[in-house]
Amino acid sequence: MAALILLMPILDASAQWTHRYPKVQGYSHHVYLEGYELPILTNGPMDPAPSPDGRYVAFAARGWIWIMDITSRTARQVTHGANVDSRPAWHPDGVRLTLVRDNGRDTRIVIVDVESGELLHTINTSAIDLDPTFTPDGRILYYISGVAGTLDVWALDLHADSAYALTGDPGIEMKPQPRSDGAFITLAKGGGDQIELRRGADSRQTILAGNIASMARPALSPDEQTLAVNWPTQNGWDLRLYNLQAPQAPIVLLSGRLPLTPAWGDDGQWIYFSEADDNETMHLHRAAASGGEWEKVTVNEWSWQAETARIRITTSGPEGEQPSHPLPARLSFVDASGHPAVPDSGWVYFDGTNGRYFFYSPDTVEITVPAGAVTVSATQGLATPEVTATINAPPGTTVDVRLLLEPLWDARAIGWASGDHHFHLNYGGHTHLDPSDLVPMMRGEALDMATPLLANLHNRIEDQHYWGWPESQEAPFIRVGQEVRSHFLGHVGLIGTPPPRPYWPWMWGPGYEIYGTDDRPNADVLEWAHALGGIGFYVHPVSSADPFAEGGGVTVPIELIADAVLGVVDALEIICLWSNSYGITALWHQLLNLGLPIAPTAGTDVMLNLHRTMALGTTRVYVRTGDHLDWPSYISGLREGRSMVTNGPFLEFAVAGMRPSDVVAPGRSEWTLDLYTASEVDTVEIFVNGQVVATHAGLRSPGWRSYSGTIDLPDGGWIAARARGGATRWPSMDAAPYAHTAPVWIAEKGSTHPAAQRSSALLLQDLLTDSYTLLRFGYGDASIPRLEARFRTAMERLEQLAAEDG
């Protein structure tokens, strides 16, 4: 995953996901901004806001605002409608609330009447608007807006109805907390994360600072003397108190937890916060400001605005002569207004490509909805076309709905196993997952293998205790891997490297405070993995559509070319959320032309404890394992390239009966290609040594198509198939449909064609030269003889290959 300290270019949407909400400048990637900073939808209380008189707590749940009587613990629904409401804050008069309203493409600020939910005022710019709060006298509304390009603190004078910016620095600010004297607290992100006290444009005091304080949010006490804040550590999150006059010695109220969105009670005695349980369901808690005491604040009764009904949805699939059998699934619900409906427990995700909320069902799940029409959609994995039904749910009833899911391509029946080899369980998100939490997701996505990669959050290395997690011996198979981030040289994924320990150090090179000038090549990591029988591969390796175009070399990991040419790279991640599949493919083809049998792999690189993320396995690799569904057969097939990668289309490709990783004789041969898709795909292509030799139209709707042809194969090299282009829709979630097979080799594995070899060697020399220039620039005056020697050896090898006659 790209680290926060690098700025990544915005690419064409057909190649790489960029953003769904209005673009904010100065943020490394909108995956982080939309994941860390935007509101979330939960089934339990989130964003607590105690009332000025201390009798109530407002919070967000199920995408609306509710107000709970603290004595009776009855929560009354205040807002309704299609939008998702969150982050409430009270006006000092106790009769108005301000909140964030999200339509799935943008956010706005609204003020509503507490009793009726009636809309009283709206701030709706062309940009993201967040985190409203009133000044203590109620005359001014502070909020965050991206209208000037970055997320800045703004103020709206409610009497004059005029808005003005209070900040305009690079980076972003979040969660302003105004004081009576005109100063305010804010969370500032840019070159690190810090909580600051600001007095005017040029006066600021840093209360605390760190890196990737993703979920941190400040809360100012009623007497304006103390700051409550949730803050990350190596072992979870703290809830701390800081004296604004002497912030050097905070009090830790809670540690090793994940408290979110803290807020003070009116009398300063309690600090309310939200936290997820082991089932990823949010609950309301409060901790005594004096320390030593905390409790769950349970909602005893939910009082809906409208009459409700229950929907019991069962998903099933065909099985031989039996009518159906229960089937885990990915589900999405909306009520008659278009508002998402969610189950009573469990985590809910937002698909940032298609703009849909979703969750998983083991096969049957019940949901409470406003009575009336409800639309439910279901799918399982990438091979099952979406099934949708709209039903009427009368008040007070429980309506049963059964959806039949029929995959159009049965991978296991024909000997394929699927895997996602690059994603993270926990990466600064709203919940804390362990590997067992992957099982319902994998079943709902028909995913056989998953390798969550442990990784650093700058100088924090979390989840180390999951290394050596007990290995499952039956599907779905889970094996914990590692992402090593010699960030400047390129990120390396490791799978199949067993205990007792992961690779150390986890990170080094320019950009890190420790190990910043280490003369340590990525090759050390890759060779360490090989010695243990594992696989090492470069992740999200290219972020431009053409790495060979002018300036494209800066988007290639600095050490990748050298390591690939010297034969220590097992695989390349061809499809990934963070990278450009066209650019990666172009580079991979040149490496294949040198006779390097580098296998394709794929991974989503999602952070699964975030709310806004694509589903696990929506980019994946398929490996031919035949009748065997076990880890050794799978990892062997992945290493050997008996595979294809995809984010939607499926390709069954053969040349003279030989399949990917097999060897076919030179000369005239027949090829066949079967294309399957549960959505659509524009084009299919056949490549020989990196050149397109056949192009055909794809499919505009779910289905299957067969292609065939004859071709005169050269004496050496490779042949492969690709599918690309089209609109993304469920079950897919990546930027655009894409699939590529591993190569079928000609004459022998690793063979080459002289002209292709020379051409590719020359192209790669240019890239390696660019990489060396970046290497020396980044390390400055530091002595790096090992790295320099590695680059010299790789260049000598490329010069040799360019000079060979074949």
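The model is predicted. Helix 5 spans residues 581–593 and helix 7 spans residues 754–779. Pro-547, which is in contact with Leu-587 and Leu-767 among others, lies in the loop between strand 44 and helix 4.

**Helix 5 and helix 7**
- The two helices pack with their axes 8 Å apart, at an angle of about 125 degrees.
- Because angles from 65 to 115 degrees count as roughly perpendicular and those over 145 as roughly antiparallel, this angle makes helix 5 oblique to helix 7.
- The crossing of helix 5 and helix 7 is left-handed.
- From helix 5, Leu-587, Gln-590, Leu-591 and Asn-593 take part in the contact, and they meet residues of helix 7 including Ala-756, Ser-760 and Leu-767.
- By class, this contact of helix 5 with helix 7 has 6 nonpolar, 4 polar and no charged residues.

**Pro-547**
- Pro-547 has a relative accessible area of 1%, so the residue is buried.
- Beyond its neighbours within four places in sequence, the contacts of Pro-547 include Val-542, Gly-552, Val-556, Gly-583 and Ala-586.
- Ala-586 is 39 residues from Pro-547 in sequence, yet their C-alpha atoms are 7.7 Å apart in space.

**Helix 6**
- Helix 6 covers residues 631–640, and its buried residues include Trp-631, Tyr-634, Ile-635 and Leu-638.
- At the start of helix 6, a side-chain oxygen of Asp-630 comes within 2.7 Å of the backbone nitrogen of Ser-633; Ser-633 is itself buried.
- Just after helix 6, Gly-641 adopts a positive phi of about 85 degrees.

Note on methods: Residues are numbered from 1 along each chain as its sequence is written. This is a predicted model: local features need pLDDT of at least 70, side-chain atom pairs count only at pLDDT 80 or more; totals for chains, interfaces and linings use all residues. Side-chain values use heavy atoms; hydrogens and water are left out. Buried means under 20% relative accessible area, exposed over 50%, partly exposed in between (1.4 Å probe, protein chains only). Helices (H or I, at least four residues) and strands (E, at least two) are DSSP runs, numbered from the N terminus. A polar contact is a pair of N or O atoms within 3.5 Å; within protein, one must be able to donate a hydrogen and the other to accept it, and residues adjacent in sequence count only if both atoms are side-chain atoms. Axes are lines fitted to C-alpha atoms, for helices over the stretch in contact, and angles run from 0 to 180 degrees between N-to-C directions. Angles under 35 degrees count as roughly parallel, over 145 as roughly antiparallel, 65 to 115 as roughly perpendicular and the rest as oblique. A crossing is left-handed if the near helix is turned anticlockwise from the far one by less than a right angle, and right-handed if clockwise. Contact means heavy atoms within 4.5 Å. Ala, Val, Leu, Ile, Met, Phe, Trp, Tyr, Cys and Pro count as nonpolar, Asp, Glu, Lys and Arg as charged, and the others, Gly among them, as polar.
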